[in-house]
Amino acid sequence: MVEEPLAFTDEERAILPALPMIYVAWADGELTADELAMLHERLPVDPAMVAEWLNPDKPPSAEQLQDLLERLRHAVQHLGVTSMTKRGLASLGLEMARQDPGGDAAQWAQPDVLNALGSVETALGLYTREASSVFFQSDLTLPDVAASEDADFSIAALQSLLDGPQAEWKNRVRAMLKDPLFRHPTEIHSSEYRERTLQWCQEIARRGLTETLMPAARGEHPDMGGFLATMETLALFDLSLLVKFGVQFGLFGCSVVFLGDDAQKAEIVPKAMSLELPGCFAMTERGHGSNVRELQTTATFDSETDEFVIDTPTAMDGKEWIGNAAAHGQMATVFAQLHIGDAEYGVHAFLVPIRRPDGSPMPRVRIADNGHKMGLNGVDNGRLWFDQVRIPRKNLLSRFATVDEAGHYESPIASPSKRFFTMLGALVGGRIGIAASAVSASKVALTIAIRYSSRRRQFGPAPGNEVPILTYPTQQRRLMPRLAQTFALHFAVNSLLEEFEAAVKADEEMREIEASAAALKAAASWHCTDTVQACREACGGQGYSSINRFAALKADSDIFTTFEGDNIVLMQLVAKALLGRFRSQFSDPSPLAMVRQVARLAATQISEKNPFIKRYASSEHLRDGAFHRDLFAAREEEQTVTVARGFSRSLSDGKEPFDALNEWQLRMVQLAHAHIDRMVHDRFRDVVEACEEPALKATLNDLCDLYALSRIEADRGWLMENGYLEAAKSRAVTAEVDKLCAELVDRSLALVNAFAIPEPALAAPIAL
């Protein structure tokens, strides 16, 4: 028995036996007017006592329900009620009322009252013992094998594998997200949401979670692994916070970290990381979008005043969709064309003050608010125009270029093209961060949908004998392949992050990493958009309720496919990189030599399409990782050959390179998709093969097989057209995907629990 009163108000204590029932009823869906009237009629209390929880015009918010859930769970834990002795909701509430020394349970002990409670349970459909499962933490969060009937592997070991070397930073963020300050806003005005997001960022800085970039202020390498792990974990909570964090510390802060000289880093980085200096990143222009090389904002050097003059030539050249610009930013990293006298030196980055500490714009800087958006309304996106704004010469970010007092330009990189790509490559971490964050949002959606689907019962083999909807193959098909792809993308992004971190520490060129980051950013963001929608549908009407998170997830993650590079443009970048590698394989780079090499490789491809392999359809063969590797590699190589051959033919026909690329643009995007499937599978397969725990390795292998076969199934049209599959084998692939989905269902709860999403951050009542 508890010795202290439970953590409820006097009003809540008066209705304690009904409180678990009221929570579950609201969490399971909106209470109807008839249901609310019944509760008012049958509960033995003054209607005013329950007004807070039974007001049809003002249902409880997600924050209120989350708070009530945490207090009810706390009470259950103090009462010593376990999942082995759990009971119906009314019985649970009565037990709390009887043992609460600050309450009075006498009025609830009357037979007519007990009967009334039972009738309410029945009327609301909450009469089973399982209805109280939500209050037993051990039923939902499974720390190890012994606590789970579904997992034959260690959930803790899988979480450790997922967290990788950045577990400490991820755990620090998870701990922070349990703080009551971090609660999902509901029905909040954009201006208030923006201020709350700023407050969250300030708390992050106060807790030292931006320390990962501080070494740059001392001339040392930043901890990009820790920084991106922080971003990835914040994405489990609120995506406006993620973007605000990414803009302030990732884009503005890292622009100085990677493009500034030592003096600039020493001065600006500490101010940026503490949020003493709120900043933004002004690259994109309305008239030029992804074509950064053709941006029209200019920075003209004035040798008489030792200043740069920043100017926006036309209204269409204004900086667009600049996070932190509309309300909070005081300085912007502005990308502009550098002019010195009659010479033009291309795009460079400049630090430009845009707002005074009191919030007013700086002279000759015009700021407009992008206004209410489809999502991410906690981020103050704005537009910027500059009318002959003067800044000191020292405000040119000078790692890759300097201008002296006389206007002499110097750069350690002689080639203007190489200098441009080196500057952009130094900022590639943003795309890796978006890829990781998109995977996190997919994890949230899948956790909600799989938990709900494992509990939500419907239909069954006989009347009154319903089964969980996750039993149905259609539900499995919606969720299991996407769960497998989420694991695959997680490990692929983690692998790329390690390469990026190593390149930063070694000051290596980022061109190869840039192409992989573009590929994974596109793949992860498209996957996120698809997964959130599928999970919303899998949760039926409950998924449409804002309280269950999908509305925000859909609205806030949709932009991932556009910012940090439009995905289609990024796919072309990936294909160009592949064609560049292909061409570099030739000792003779002439178009004729390329055509000859292409013809040789094409002939080899055709000869290797063994008819027996095309038709071989046993389960053992279809689940052979070597088969998957070979097929993905062969498809990528053949599509590379096809595009290279076609592009060479177009050039031989006298077409300009731009026109030739346009002619093959659609095939280039198709090639990029093939490359992504191969790269993601290879990295996932490497993780499987390195795993030393047999049970965990078996589960990871099943996930990897499901990823591979579902990607093969998705492109079986091309594979059949080009002789890699025959109809019988194609049908066998589909059957094997169905089998793997069914086999993974029993482990699906354990798999999503390994994501270790803090429940206050998850917040969706149907998943708690």
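How many bridges join strand S3 to S9, and do the two run parallel or antiparallel?

Tutor: Quick ground rules: this is a predicted model, where local features need pLDDT of at least 70 and side-chain atom pairs count only at pLDDT 80 or more, while totals for chains, interfaces and linings use all residues. Residues are numbered from 1 along each chain as its sequence is written, and side-chain values use heavy atoms, leaving out hydrogens and water.

Now your strands. S3 (residues 307–311) and S9 are joined by four bridges and run antiparallel. Two strands pair if DSSP finds at least two bridges between them. Strands are DSSP runs of E with at least two residues, helices are H or I runs of at least four, and both are numbered from the N terminus.

Next, a helix pair. H16 (residues 473–506) packs against H29 (residues 727–753) at about 70°, axes 8 Å apart; axes are lines fitted to C-alpha atoms over the stretch in contact, and angles go from 0 to 180 degrees between N-to-C directions. That makes the two helices roughly perpendicular, a label for 65 to 115 degrees (under 35 is roughly parallel, over 145 roughly antiparallel, the rest oblique). Contact means heavy atoms within 4.5 Å, and the H16 side includes Met480, Leu483 and Phe487, meeting residues of H29 that include Val737, Cys741 and Val745. The contact residues split into 11 nonpolar, three polar and two charged, with Ala, Val, Leu, Ile, Met, Phe, Trp, Tyr, Cys and Pro as nonpolar, Asp, Glu, Lys and Arg as charged, and the others, Gly among them, as polar.

Cysteine 741 counts as buried because its relative accessible area is 1%. The cut-offs are under 20% for buried, over 50% for exposed and partly exposed in between, with a 1.4 Å probe and protein chains only. Cysteine 691 is buried as well, at 13%. Still, the disulfide count is zero, a disulfide being a pair of cysteine sulfur atoms within 2.5 Å.

Last stop: aspartate 705 in helix H27 (residues 694–714). With 0% relative accessibility, aspartate 705 is buried. Leaving aside residues up to four places away in sequence, aspartate 705 touches Arg623, His628, Arg685 and Leu740.
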